[in-house]
Amino acid sequence: VWYCLLIDGLITNQQVKVTRMSSAANQETSEDPSRLVVEVAPEEEGYVKTAAYNYVSRKAFIHGAKNVEMKGKSIVHPKVHIRGDFQTVRIGRYCHIGEGSILRPPSYQASLDTSHEGASENGENEEEKQLIKFLPLIVGSHTQIGKGCVIEAAAVGSSVYIGDNCVISKRVIIKDCCYIASGTVIAQDTVIPPFSRVAGCPGGMIENGLMAESITTTSVDDCVEQFNEFVKTMIQ
């Protein structure tokens, strides 16, 4: 017997609610399988499975689930926070998000708004407000994000490896097929070219350290194999 679960904004052990889906909801899910409506077998205690075969830990936190799109067969491990309540978060296929990592759309200062609302207590009649907005966060397919990372990039390409405890600052763009060593801190607004190796704090490209072109195929095989191995552990 399979149970249908509707994840409403936040996934926790206590807040996963068992529901019956209407025919309209079934039709909507078939048109958009990346929506966070999941099916869970009774033996799957630690993870829930979406219609697109994503596995999301019950101890992960999906904020603003309607704005989080996962294309399929990705794994979200415990204590991960995905902040879809700020802006849209799009995650490709066969991605792995390590335990304790945070995916947060990057903010930027849109403008300074000067409003005239009469004199204040100190005689000032102008109040400047910084208007903060957020950009979407896009993660390409076959990308691995390690444990304890903070990701505020505008875009992370496909076939990218990010090690443990990395900080990818606001509005960073990481192109395809890059390797980010564990503990790396990349400054905001940095653009990492394709096939780059990056390490250090602040992060910089390693000389003569370009990734082999074969990474475009080997990373795909590795991510698919890791997903299949993970599914086997769920079945056992």
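This is a predicted model: local features need pLDDT of at least 70, side-chain atom pairs count only at pLDDT 80 or more; totals for chains, interfaces and linings use all residues.
1. For cysteine 177, the nearest cysteine sulfur belongs to cysteine 178 and is 7.4 Å away, whereas a disulfide needs the two sulfur atoms within 2.5 Å. Cysteine 178 is likewise in no disulfide, with the sulfur of cysteine 177 as its nearest.

2. If you trace the strands in the order 7-10-15-18-21-24, you follow an open sheet with parallel pairing. Which strands stand at the edges? They are strand 7 and strand 24 (191–192); each has a single partner strand, so one side of each is left without a neighbour in the sheet.

3. **Walking across that sheet.** Start with strand 7 (residues 68–72), which pairs with strand 10 (residues 89–93) over four bridges, in the parallel sense. A handy spot to look at is glycine 72, which stands opposite arginine 93 of strand 10. Strand 10 also pairs with strand 15 (residues 137–139), again parallel, over three bridges. There, isoleucine 91 has valine 139 in strand 15 as its bridge partner. Isoleucine 173 finds its bridge partner in valine 191 of strand 24.

4. Strand 23 pairs with strand 20 (residues 167–168) in the parallel sense over two bridges. To find that contact, look for valine 167 and its bridge partner in strand 23, valine 185.

5. **The hairpin of strands 4 and 5.** Here the pairing is antiparallel: strand 4 and strand 5 are joined over three bridges. The bridge partner of tyrosine 47 is serine 57, in strand 5. Between the two strands of this hairpin there are four residues, and tyrosine 53 takes a positive phi near 65°. Strand 4 (residues 47–50) is covered on both faces: Tyr47 and Lys49 are buried on one side, Val48 and Thr50 on the other.

6. **Helix 2.** How far apart are the end C-alpha atoms of helix 2? The answer is 30 Å, which agrees with the span that its 21 residues should have at 1.5 Å a residue. Its buried residues are Ile215, Ser219, Cys223, Phe227, Phe230, Val231 and Met234. They cover an arc of only 135° around the axis, which puts them on the same side of helix 2. In general, an α-helix has 3.6 residues a turn, so residues three or four places apart point the same way. Asp221, Glu225 and Ile235 are exposed on the other side of helix 2.

7. The whole structure has six aromatic pairs. In one of them, tyrosine 55 and phenylalanine 230 have ring centres 5.6 Å apart and planes at 75°, so this pair is edge-to-face. The pair links distant parts of the chain, since tyrosine 55 is in strand 5 (residues 55–57) and phenylalanine 230 is in helix 2 (residues 215–235), 175 residues apart. Both tyrosine 55 and phenylalanine 230 are buried. Tyr47, Tyr55, Tyr94, Phe227 and Phe230 form one aromatic cluster.

8. Arginine 197 lies over the face of tyrosine 179, 5.4 Å from the ring centre. Alanine 154 sits in the loop between strand 17 (150–151) and strand 18 (155–156). With a relative accessible area of 16%, alanine 154 is buried. Its C-alpha atom is separated by 9.5 Å from that of arginine 104, which is 50 residues apart along the chain.

Technical notes: Residues are numbered from 1 along each chain as its sequence is written. Side-chain values use heavy atoms; hydrogens and water are left out. Two strands pair if DSSP finds at least two bridges between them. Rings of Phe, Tyr and Trp (its six-membered ring) pair if their centres lie within 6.5 Å; planes under 30 degrees apart count as stacked, over 60 as edge-to-face and the rest as tilted. Buried means under 20% relative accessible area, exposed over 50%, partly exposed in between (1.4 Å probe, protein chains only). A charge sits over a ring if NZ of Lys or CZ of Arg is within 6 Å of the ring centre and within 35 degrees of the ring normal. The expected span of a helix is 1.5 Å times one less than its number of residues. The arc is that of the directions from the helix axis to the C-beta atoms.
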